[in-house]
Amino acid sequence: MNPLVSAPVASFTDLLLDAVCMVDAGGRFVFVSAACERIFGYRQDEMVGLAMIDLVHPGDRERTLAAARRIMDGQPNSQFENRYVRKDGSVVHIMWTARWSEADQLRVAVARDITARKQAEAMQAALYAISEAAHTAEDLPALYQRMHHIIGELLPVQSFAVVLRDAPDESLYFAYHANASGPESDAQLAVLLCEEALRSNRPLRVAPDTLAALPPALLAAARPDHGCWMGVPLTTPQGTIGALVLRDAPAGAGCASYTDEHQELLLFVSAQVATAIQRKQLEARLHFMAQHDELTQLPNRRLFHDRLGTAIARAERHQGRLSLLFIDLDKFKLVNDLYGHTAGDQLLQTVARRIQDCVRHADTVARIGGDEFVVVLEQVSRPEFAALVKEKIHAVLAAPIDLGEGRMLQATASVGVAHYPEHGADMAQLLRHADQAMYAAKQKPEQSAA
């Protein structure tokens, strides 16, 4: 017992739920009440003599020292909040009321554990942020990044992954995977953790205290240097769409293992995350359907016009060139009449794939009508390049196409070409020229039926 603190005073302070601490001018604890063990995890005899600042969370040390200086200058402080690191490595949030005793040369403070309140506030903020992200994120990748940031504010995260599956019987895939430690070498363990979380439909922790209960495959993949892991299912009213996977640094790196409380927190948040992902997936599907042809999955007329307009503006700005190919299948109606619309659909899907194989990834292939396709070739240095693509399209369409039930045919197409800027300075002029060139090609006698 420090001689500055009488035995009766010490016995009274031990009755308080809040902790009473006294720190000398050198910044060391000279007295702590019994509540300190519950709040900080240290026994009274362990805590006395320790430097106060050594127990403060590194992120709060600078402002804590500044507050201590103000108190010692005679400015009492009430409701100052900071974080301390408990003996077990976990973090506790503290609200302090403190003053300086000049006569005793002691800083006397009362500490209240407000961790539960701070966690509740953080949860409310996280739920609001997740809901906001579901409405404001531009797309799914942006949503995943926002989720990573939001959950990183709640929990320690070295690696964060969103693992999804499009249907219950389909394989898992990484929709998002960020590893702060470097290469994504932990992908195999992440997938195993997800598979087990989905199979059992429950959260899982991979930590020293859970190893004995892990399935053999997961136990074999887990290593001490992998750190601590958590995986929780992403469940919606329509079913489970995937899982969230988090990894913290190994305990030897100065980090505490994930706890059951961490797992419960992540599980609670995961329901909102799953709803946000499902909402964004639906928006993405609706957006895709609005801009793409349902049969071939190619850009439709609306998206094609947008792409062509952008390409013309880019070519004009950089004084470049582009080519437009207008493609019309020959006597497509005859295919529908002879073999039926299912065969006609099969033909259109095959033609779409083969045309795409003839162009670069940056070029645009679109279906703008029943049997009409267009191709935009950007950054064309010479008009001859478009002629080569045209001949390539004729060649791939000439290969037999299987329409099912033993029916094979060779398709032919009429192709018209227009070049920017020779054949037009705007979209309407280029389309008109390419359309006219296509009809001129269709009149040639050598064009055969599909």
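**Close-up views of a predicted model**

Asp345 is partly exposed, with a relative accessible area of 34% (buried means under 20%, exposed over 50%, and partly exposed in between, using a 1.4 Å probe and protein chains only). This is a predicted model, in which local features need pLDDT of at least 70 and side-chain atom pairs count only at pLDDT 80 or more, while totals for chains, interfaces and linings use all residues. Residues are numbered from 1 along each chain as its sequence is written, and side-chain values use heavy atoms, with hydrogens and water left out.

View 1. Look for Asp345 in helix H13, residues 341-356. Helices (H or I, at least four residues) and strands (E, at least two) are DSSP runs, numbered from the N terminus.

**View 2. Lys280, a buried residue in helix H10.** The relative accessible area of Lys280 is 5%. Its side chain comes to 2.5 Å from the backbone oxygen of Ala137. Leaving aside residues up to four places away in sequence, Lys280 touches Ala134, His135, Ala137, Glu138, Asp139, Leu140 and Leu143; here a contact means heavy atoms within 4.5 Å.

**View 3. The largest pocket, with a volume of about 1,300 Å³.** On a 1 Å grid over the protein atoms alone, a pocket is an open set of points with protein on both sides within 12 Å along at least five of seven lines, a cavity is a set where a 1.4 Å probe fits but cannot get out, and lining residues have an atom within 4 Å of a point. Grid points are joined across faces, edges and corners, and a volume is the space filled by probe spheres set on the points. The largest pocket is lined by 40 residues, and Val91, Leu154, Leu155, Pro156 and His262 are the closest to its centre. Two or more lining residues come from each of helix H2 (35-40), strand E3 (77-85), strand E4 (91-101), helix H6 (115-136), helix H7 (140-154) and helix H10 (260-291). H6 gives the most, with ten residues. The lining has 20 nonpolar, eleven polar and nine charged residues; Ala, Val, Leu, Ile, Met, Phe, Trp, Tyr, Cys and Pro count as nonpolar, Asp, Glu, Lys and Arg as charged, and the others, Gly among them, as polar.

**View 4. The second largest pocket, with a volume of about 320 Å³.** Of its 14 lining residues, Arg165, Asp166, Ile241, Gln281 and Arg285 lie nearest the centre. Strand E10 (239-247) and H10 each give two or more residues to this lining. By class, there are five nonpolar, six polar and three charged residues.

**View 5. The one cavity of 30 Å³ or more.** About 190 Å³ of space lies in the largest cavity. Among its 16 lining residues, Ile71, Trp96, Ala98, Arg107 and Ala109 are the closest to its centre. Strand E1 (19-24), helix H5 (61-72), E3, E4 and strand E5 (106-113) each supply at least two residues. Twelve of the lining residues are nonpolar, three polar and one charged.

View 6. pLDDT is the predictor's confidence in each residue, from 0 to 100. The protein chain averages 87, and 92% of the residues score at least 70. Where pLDDT is low, the predicted coordinates should not be read in detail.

How values were computed: A polar contact is a pair of N or O atoms within 3.5 Å; within protein, one must be able to donate a hydrogen and the other to accept it, and residues adjacent in sequence count only if both atoms are side-chain atoms.
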